Amino acid sequence: MVYATDNETLEEMLAQYQELIAHGQERPLSADEAQRLFATFSSLVRRFKRVARVSDKYQEQLKSMLARLDSNLAGATFLSGTLHICAACKKLQTDDGNWKQFEQYISERSGTFFSHGLCPKCAAHVEGSEITAETVPEYLPLQIAEADMEDMVIVRYMHLFTNNFYERSELYQELRDLFARYLHQSRRLRRIARISDNYQIELRKLSEQMTLASRTDSLTGINNRGYFLELLTNEIERSERHGYTFSFAILDFDHFKEVNDTYGHATGDAVLQAFVDVFRECQMRQYDFWGRLGGEEFGLVLPDTPQQLALNPTERIRKCQAESSINYQGHDITVTVSIGISQYVPGDTVETLLQRADQALYTAKREGRNRVCLG
Amino acid sequence: MDNFFLEQTNSTPLIDFNAVTGELVMAGESYPENSFEFYQPIKSWLTVFLAQHQGRVCLHVRLTYLNTSSTKIMMDFLDLLEASHQQGRAVAVIWYCDRENERAIETAEEFKEEITFPFDITLEP
């Protein structure tokens, strides 16, 4: 069975129904029609997300609608005859054709549609049992906030509940309840979106932290081996593509094992951490990058730089390190570095670059340490 | 009525609902592959429990992450508690947040605004 799923279908239904009324063939809503009405309502709820911001134009429409309603109200004063309202239940009396007369008059002069169904009391009477509401919280009095006006459906129907003109109509209470639920759902949807956004921001922050952590060496806070080699691989690809070259240096501390053995590992760690500060003072170019390869060994890449030109900055690092010291229980400890450099040539891989830089480093160590050697 | 217990997993929280004491605990993260499927039996249990149980109910929430569907279901749970509260039952929620995490506290406030019964946001170190 195909149910009404949008406003157009609903309006079609209403039109058909009005025609029935016009032909005096009015009847209570059938189960199918009621189902369709509820299907339509559910689809409206599902459409929350797609509801656009209320435009000024729409507000104008609303005003003109209210103006029309006013003029209809003015017209209603010409209704002839007497309307009998029960003093106790405030309902229009249907005897003597009063109700029909009233309905016809209103139908002809306005877009108001009369839906004939059973109210809970009458339905209970017919069914012989009380209708119990499902357990939903009681809603507060309808107060439309500015934020609610973002919802077109609310804007469209709120006027029904902001004046008491419709209060006496048969379906008012149910419609109001439906509207209150809609209002509640609309607000809840916005709230869920806000909550969801909050969690997503948290998740994103966490994911950024994790990415950063997965790339960072925990002792020195600079790139770890994995990420450094990833950047080196990118640099190889870039240089291959554009026909550039670059220099790759391995920086290795001299006699580092002795530092650890003599002063303890904590001091060794402090030397490595202090090296990061020394490196920063040497003011490398912004696109030079480095990382800790492991132990007391660091890697450095100088993009677009042949090894002859890499001598100067690496020599600066060596010299700065040789002139710096850290304090250990009143002693100044100085640990020097040896540096081996290789230059990228087409066809090089991470392994061959590491290999040649290692050889140059070996030469630097053999020649007395605390020096820079080219591969 | 039996208690309801589910071990915590990577994507689903610990569910420890005690039918005798009325202490209901949810802890962990919630992003099940199918949230509605995961929460359906829990919701059913809660519905039956609220219908049968007369005493005080306290829901302890220690959730650090809820996906959108879980958020919706949490609101359904709060609705059930609210309805029960409207009928005169003593209901409370204690929502635990990391003291440092302002966004988490803000989120807890959002949940709090949905209901009228006592909702305590407890900050933890």
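How far apart should the ends of the 18-residue helix α1 of chain B be, and how far apart are the end C-alpha atoms? At 1.5 Å a residue, helix α1 (residues 35–52) of chain B should span 26 Å, and its end C-alpha atoms are 26 Å apart, so the two values agree. These figures, like the others below, come from a predicted model. For chain B the mean pLDDT is 94, and 100% of its residues reach 70 or more. The model as a whole scores ipTM 0.78 and pTM 0.55.

Helix α1(B) also has a bend, of about 30°, at B:Pro41. Several of its residues are buried: B:Ser35, B:Phe38, B:Tyr39, B:Leu46, B:Phe49 and B:Leu50. The partner of these buried residues is α2 of chain B, against which they pack.

Chain B contains three helices and six strands. Read from the N terminus, the elements follow the order β-β-β-α-β-α-β-α-β. Contacts in chain B between residues at least 6 apart in sequence can be sorted by their separation, and 66% of them join residues at least 24 apart.

The strand pairing can be followed from β2 onwards. Strand β2 (residues 14–17) of chain B runs antiparallel to strand β3 (residues 23–30) of chain B, and four bridges join the two. Within this pair, B:Asp16 stands opposite B:Val25 in β3(B). The hairpin of β2(B) and β3(B) has five residues between the strands, and in this hairpin B:Gly22 takes a positive phi near 80°. Strand β3(B) is also joined to β4(B), this time by eight bridges, and these two strands run parallel. There, B:Gly28 of the pairing stands opposite B:Leu63 in β4(B).

Further along chain B, strand β5 (residues 91–98) holds B:Trp95. Is B:Trp95 buried or exposed? B:Trp95 has 20 C-beta neighbours inside 10 Å, and therefore counts as buried; the cut-off for a buried residue is 20 or more. Leaving aside neighbours within four places in sequence, B:Trp95 is in contact with B:Val61, B:Ala108, B:Phe111, B:Phe119, B:Ile121 and B:Thr122. One of these, B:Ala108, is 13 residues from B:Trp95 in sequence, with a C-alpha to C-alpha distance of 6.9 Å.

Chain B also meets chain A. Here 14 residues of chain B are in contact with 15 residues of chain A. On the chain B side, β4 (57–66), α2 (68–86) and α3 (102–112) each supply at least two residues. The largest share comes from α2(B), with eight residues. By residue type, the side of chain B that touches chain A divides into four nonpolar, four polar and six charged residues.

Chain A has 13 helices and seven strands. Of its 375 residues, 18% count as buried. Among contacts in chain A between residues at least 6 apart in sequence, 66% join residues at least 24 apart.

Two loop residues of chain A deserve a look for their backbone angles. Most residues other than glycine have a negative phi. A:His255 has a phi near 50°, a positive value in a residue other than glycine. Its place is the loop between β1 (246–253) and α10 (256–263) of chain A. Because A:His255 has 13 C-beta neighbours inside 10 Å, this residue counts as partly exposed.

The second case is A:Gln283, which is not a glycine and has a positive phi of about 45°. A:Gln283 is found in the loop between α11 (265–281) and β2 (289–294) of chain A. With 10 C-beta neighbours inside 10 Å, A:Gln283 counts as exposed, because a residue with 12 or fewer falls in that class.

Technical notes: Residues are numbered from 1 along each chain as its sequence is written. Chains are lettered from A and ligands numbered from 1 in the order in which they are written. This is a predicted model: local features need pLDDT of at least 70, side-chain atom pairs count only at pLDDT 80 or more; totals for chains, interfaces and linings use all residues. pLDDT is the predictor's confidence in each residue, from 0 to 100. Two residues are in contact if their C-beta atoms, placed from the backbone, lie within 7 Å. Ala, Val, Leu, Ile, Met, Phe, Trp, Tyr, Cys and Pro count as nonpolar, Asp, Glu, Lys and Arg as charged, and the others, Gly among them, as polar. The expected span of a helix is 1.5 Å times one less than its number of residues. The bend at a residue is the angle between axes fitted to the seven residues ending there and the seven starting there. Two strands pair if DSSP finds at least two bridges between them.
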